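Hi,

Here is the structure I promised to pass on.

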Number of protein chains: 4
Amino acid sequence: MKITVWNEFRHERTDEAVRAVYPHGIHRAIADHLASIEGFEPATATLDEPEHGLPQALIDSTDVLLWWGHIAHGEVSDEVAERVQSAVHRGMGLIALHSAHYSKPLKRLLGTSCGLSWREDDLHERLWVVDPTHPIAAGVDRYFEIPKTEMYGEFFDVPCPDELVFISWFAGGEVFRSGMVWKRGRGRVFYFRPGHETLPIYYQPEVLRVIVNACRYLGPRDTATVTGIGAAPQAKVSPEAGR
Amino acid sequence: MKITVWNEFRHERTDEAVRAVYPHGIHRAIADHLASIEGFEPATATLDEPEHGLPQALIDSTDVLLWWGHIAHGEVSDEVAERVQSAVHRGMGLIALHSAHYSKPLKRLLGTSCGLSWREDDLHERLWVVDPTHPIAAGVDRYFEIPKTEMYGEFFDVPCPDELVFISWFAGGEVFRSGMVWKRGRGRVFYFRPGHETLPIYYQPEVLRVIVNACRYLGPRDTATVTGIGAAPQAKVSPEAGR
Amino acid sequence: MKITVWNEFRHERTDEAVRAVYPHGIHRAIADHLASIEGFEPATATLDEPEHGLPQALIDSTDVLLWWGHIAHGEVSDEVAERVQSAVHRGMGLIALHSAHYSKPLKRLLGTSCGLSWREDDLHERLWVVDPTHPIAAGVDRYFEIPKTEMYGEFFDVPCPDELVFISWFAGGEVFRSGMVWKRGRGRVFYFRPGHETLPIYYQPEVLRVIVNACRYLGPRDTATVTGIGAAPQAKVSPEAGR
Amino acid sequence: MKITVWNEFRHERTDEAVRAVYPHGIHRAIADHLASIEGFEPATATLDEPEHGLPQALIDSTDVLLWWGHIAHGEVSDEVAERVQSAVHRGMGLIALHSAHYSKPLKRLLGTSCGLSWREDDLHERLWVVDPTHPIAAGVDRYFEIPKTEMYGEFFDVPCPDELVFISWFAGGEVFRSGMVWKRGRGRVFYFRPGHETLPIYYQPEVLRVIVNACRYLGPRDTATVTGIGAAPQAKVSPEAGR
């Protein structure tokens, strides 16, 4: 499976505290783990590369794209955002991580403001499984914990998900729908809340396990072949209708 | 209830066959009926007016916006499309009619290609109710018919709806999810398939009844007041969490 | 609107601590409040009355039925449980409160085990609104609190709801989908988590407000008239199909 | 994968016209095909065997159960119906075929009347794919046809499905949601409309392909292990909550 891990990659180059946690960038931390999974072929791409590292050819060969962004959502070109959206329509999976809730590709695919409430408090979080046989929750018990986290709270302004997998509990008093799947065209989108640039969350085994599960779930399916969207037999009735 | 009926209003001015059916435009045909409903205050707007007839002040005072477009979707400015999208996020209802499946506001709100198959055959259509207590189907029996119609067929590339109200049967052999509701932010969107510029569908009582029902359903609700999206108490925990 | 508040009414007669909180029974506490709402006509019924206080005639004239049970679910006759289920199919609303998650009518309507985890700890609970324009959440801000509560935790084994309104946060570390709506036939079911026999939760204004909202939401609709379920024209095609 | 094909097996023994089409019973026609699929181990069971052929041990080792019934739903014991329901809760897949819409196991799992309209007219049917990447539709193009069929029409009184895969078009003028999935506990249910005792529909390759797809989709998943439903740590807070 061809996986591309995209990262804005700004914090890690300008902020010492972030570099201390992710010295080679969040994309590399995640991609290094994915490279250890049999059958996964991860590549990486970042904002400041030409075409943000996402030329059409790479997108066309990507099965699942992971997206991390935070302070530079506005610098992503509309052209690349549309390229990602269109690839999802044709079947690519998209995993939007944490602060990518405000990323252009996710907002274009969901159609809402994607707003939420938040607080940096370094308290702990529990992700409860509310769909225990969902493949994305495979291997997770009733819940798992993140010892120190940034809080994201409801109301999270997204469409009702097609599948709700995790609900987070925060020590500070909030809840959040932390794992959600939406179908869009032939592709699917998974939003996964955990992560923060100053916390080592993307090294935590449970978090990586969910990401691996999600790659498998969003990856290529042996699917129906729907041809001819946008066209129809121009005879008065479809060929077989009168038989 | 303040309702604005928007129409591209091109066919009716250039095509004699269309003008014969809708001499003052599709928007006027619909608005004239809505004006007969107690409590409804319909206005109209068209593409070639300044700001497409949809200045911010009109949008801000509109409870439900109806949208008809067909050959000039691309001429709608991104600014106005975003204005409509944003108004839905804040609570405005949007009813997208027939060929508005490809309109900019709908595509922005749904996030998919909104493609479908189609055929002009002037055969008949039946809209079956699959959610018989849905307010949008009030007053409709098991189904209603449109004697001559343009066919729209599946696969219709939209997100799984929050509410599926009608499924169409076409004499030529196709089916279509013809009435669907999606929540987006504080507002809701209703896609309603019937209609065509050369057929008198928007004079048919059953069709008008559904449109009236939908205006009521998407109109203002006595709703919860969710304040502070995008912010959260910046204390370590929310005020009451430790009590 | 005709509302019937059903209560098992056992604890209150045998347990001094419960009687201290609900001296006339939980049903009376709720019904007394409903009686103060314009247009509401509440009646009550309890387990140990003939037919559990729910003869067919009362069910037939009930718009919304509230159900509280805890220690005697098994004593409810299958006949009465089926009577309630059937009434929901024909359009009655059902509100299942707290420990009614294990009640016969709810289990028959949902088809699952309705299991959950729980703990009596008298810690506090927050109910967060995740569908802020839902009529059941009208008048609630981002969340409301219950100072002392019994905990109910996920996984809650119910079908994916048609509408998810509230998610609870518990001080002890759990989350729970606390307000959910399911359509069943022409009727609807609302499960609402708060409540406990030894805590004065059914006197709390926010809880009563949600119950009132739910009665309105589940009550009679001006609905479509779907006739003839179970029959179809026995001609080869429906009458109009060939026209 | 262990598959059990259950059949009422009455028509085939008493009605010459049925025996001509399914000489060894509908169960054998389906099971014979399933036996040709690598990894599938089909068994059969029928109503008039002891315990309807479904002793607890067989149910416990069944991954997916197919159910056909028509004229003898009422003869299925409540005990066996509950055994099937309970097995689905624990993870077994259930495929309800055609007239099994009124079967006890399906009605118990869905909670509705499962009524529909119908007509024996031997006209043709088209099943349109409305979720083109759904695994159950794998290998199907935009639609497939059944040359002669019994009509089932909306309104079909079932809960809103978690996944809607097929919508049928009937030459006589009706539509029907013909392929739907519901989650129930750890298991899933697929209702598939095609089939009739006097028509050779269960020999048609497209129909068999969908049944095979559905067996794979409902079969065992590598799933999360949710332990302890019905219990919770009885300490005031969960162990890690205060860390």
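**What I found**

Chain A has 7 helices and 9 strands. Its radius of gyration is 19 Å, close to the 18 Å that the globule rule gives for 243 residues, so chain A is as compact as a globular protein of that length. Keep in mind that this is a predicted model.

A few more things on chain A. Its C-alpha trace spans about 70 × 40 × 35 Å along the principal axes. Of its 243 residues, 59% are buried. And if you take the contacts between residues at least 6 apart in sequence, 68% of them join residues at least 24 apart.

Now over to chain D and its sheet. Strands of a sheet pair through backbone hydrogen bonds, either parallel or antiparallel. In chain D, 9 strands form an open sheet with mixed pairing, in the order E2-E1-E3-E4-E9-E8-E7-E5-E6. At the edges sit strand E2 (41-46) and strand E6 (143-153), each pairing on one side only. From one strand to the next, the twist averages 25°.

Which way do E4 and E9 of chain D pair? Strand E4 (residues 93-97) and strand E9 (residues 187-192) run in the parallel sense, over 4 bridges. There, D:Leu97 stands opposite D:Phe192 in E9(D).

- Helix H5 (residues 78-90) lies across E3, E4, E8 and E9, at about 120° to E9(D).
- Helix H7 (residues 205-218) lies across E1, E3, E4, E6 and E9, at about 170° to E9(D).

Cheers

Conventions:
Residues are numbered from 1 along each chain as its sequence is written. Chains are lettered from A and ligands numbered from 1 in the order in which they are written. This is a predicted model: local features need pLDDT of at least 70, side-chain atom pairs count only at pLDDT 80 or more; totals for chains, interfaces and linings use all residues. Helices (H or I, at least four residues) and strands (E, at least two) are DSSP runs, numbered from the N terminus. The radius of gyration is taken over C-alpha atoms; the globule rule is 2.2 Å times the number of residues to the power 0.38. A residue is buried if 20 or more other C-beta atoms lie within 10 Å of its own, exposed if 12 or fewer, and partly exposed in between; C-beta atoms are placed from the backbone. Two residues are in contact if their C-beta atoms, placed from the backbone, lie within 7 Å. Two strands pair if DSSP finds at least two bridges between them. Axes are lines fitted to C-alpha atoms, for helices over the stretch in contact, and angles run from 0 to 180 degrees between N-to-C directions.
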